[in-house]
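Please keep the sequence and the structure in view while reading.

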Amino acid sequence: MQLYDIKQKKGYARLAVSAALFLLLIVLAMQVFGGMEARVDAEQAVRLAETLRHATVTCFSVEGRYPPTLAYLTENYGVQVNQSKFTVDFQVIAPNIMPDIEVALANAASATATQEQEATDKALEQKEIHEKETVEEGEAG
């Protein structure tokens, strides 16, 4: 009877170790693929920036001026921008000066904007607290 109990306990231990190893492998695989996805997205952003610069130079070569807007570039030169994935900053300086083109991942841009908004809110909160304390000191004095 005791021999049977020992074998049964070893079976549960092996099952628990196997399940833990399986879960560990799944977590590691998710991290590897998640890192690869981030690298692919960053590479796509670089490629999009290169494509936009190339189309901008092509526009200048054909028309003698740089494109006035990003929309003009997409309509007339076939450049496609995935707006849900990328944020494009297309700053036109003058018709004869190459525009400043920056491409960022949309998620990264929104995360940065959220952090900036949180910092601004916190600064305003601290300013209000300071002003309230100053008013209270003035009333007490």
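Contact here means heavy atoms within 4.5 Å. On that basis, residues 24 or more positions apart account for 41% of the contacts in the protein chain with a separation of 6 or more. The structure is a predicted model, in which local features need pLDDT of at least 70 and side-chain atom pairs count only at pLDDT 80 or more, whereas totals for chains, interfaces and linings use all residues. Residues are numbered from 1 along each chain as its sequence is written, and side-chain values use heavy atoms, with hydrogens and water left out.

## Fold and surface

The secondary structure of the protein chain consists of three helices and two strands, taken as DSSP runs numbered from the N terminus, with helices (H or I) of at least four residues and strands (E) of at least two. Read from the N terminus, these elements follow the order α-α-β-β-α. Of the 141 residues in the protein chain, 16% are buried, where buried means under 20% relative accessible area, exposed over 50%, and partly exposed in between, with a 1.4 Å probe and protein chains only.

The accessible surface of the protein chain is about 11,000 Å², and carbon and sulfur atoms hold 59% of that surface; the areas come from the Shrake-Rupley method with a 1.4 Å probe, and for residues only the protein chains shown count as cover. Val 17, Leu 21, Leu 24, Leu 25 and Leu 28 make a nonpolar surface patch of about 480 Å², and Leu 21 of this group is found in helix 1. Such patches are made of residues with over 30% relative accessible area and no salt bridge, like charges being joined within 9 Å and nonpolar side chains (Val, Leu, Ile, Met, Phe, Trp, Tyr) within 5 Å.

## Core

In soluble globular proteins, nonpolar side chains tend to be buried together. A nonpolar core is defined as a set of buried Ala, Val, Leu, Ile, Met, Phe, Trp, Tyr and Cys residues joined through side-chain atoms within 4.5 Å. The largest nonpolar core has 14 residues, and those with the most contacts inside it are Leu 48, Leu 52, Leu 73, Val 88 and Val 103. At least two residues of this core are supplied by each of helix 1, helix 2, strand 1 (86–91) and strand 2 (100–105), with helix 1 giving the most, namely five residues.

Apart from its neighbours within four places in sequence, Val 103 is in contact with Ala 45, Leu 48, Ala 49, Leu 52, Phe 86, Thr 87 and Val 88. In helix 2 (residues 70–77), the buried residues are Leu 70, Tyr 72 and Leu 73. Seen down the axis of helix 2, these buried residues fall within an arc of 160 degrees and so line one face of the helix, the arc being that of the directions from the helix axis to the C-beta atoms. Just after helix 2, Gly 78 takes a positive phi of about 70 degrees.

Thr 56 lies in helix 1 (residues 2–63) and is buried, because its relative accessible area is 0%. Not counting residues up to four places away in sequence, Thr 56 touches Tyr 66, Pro 67, Leu 73, Phe 90, Met 98, Pro 99 and Ile 101.

## Charged pairs

A salt bridge is a side-chain nitrogen of Lys or Arg within 4 Å of a carboxyl oxygen of Asp or Glu; by this rule there are four salt bridges.

| Pair | N to O distance |
|---|---|
| Lys 85 and Asp 41 | 3.1 Å |
| Arg 47 and Glu 50 | 3.5 Å |
| Glu 63 and Arg 65 | 3.5 Å |

The salt bridge between Lys 85 and Asp 41 links distant parts of the chain, since Lys 85 is in the loop between helix 2 and strand 1 and Asp 41 is in helix 1, 44 residues apart. Lys 85 counts as partly exposed at 27% relative accessibility, whereas Asp 41 is buried, with a relative accessible area of 16%. Leaving aside neighbours within four places in sequence, Asp 41 is in contact with Lys 85, Phe 86 and Leu 105.

Arg 47 and Glu 50 both lie in helix 1, three residues apart, which is about one turn of the helix. Arg 47 is partly exposed at 47% relative accessibility, and Glu 50 is partly exposed with a relative accessible area of 42%. Together with Glu 43, these two residues are linked in a network of salt bridges. In the remaining pair of the table, Glu 63 is partly exposed at 31% relative accessibility and Arg 65 is partly exposed at 33%.
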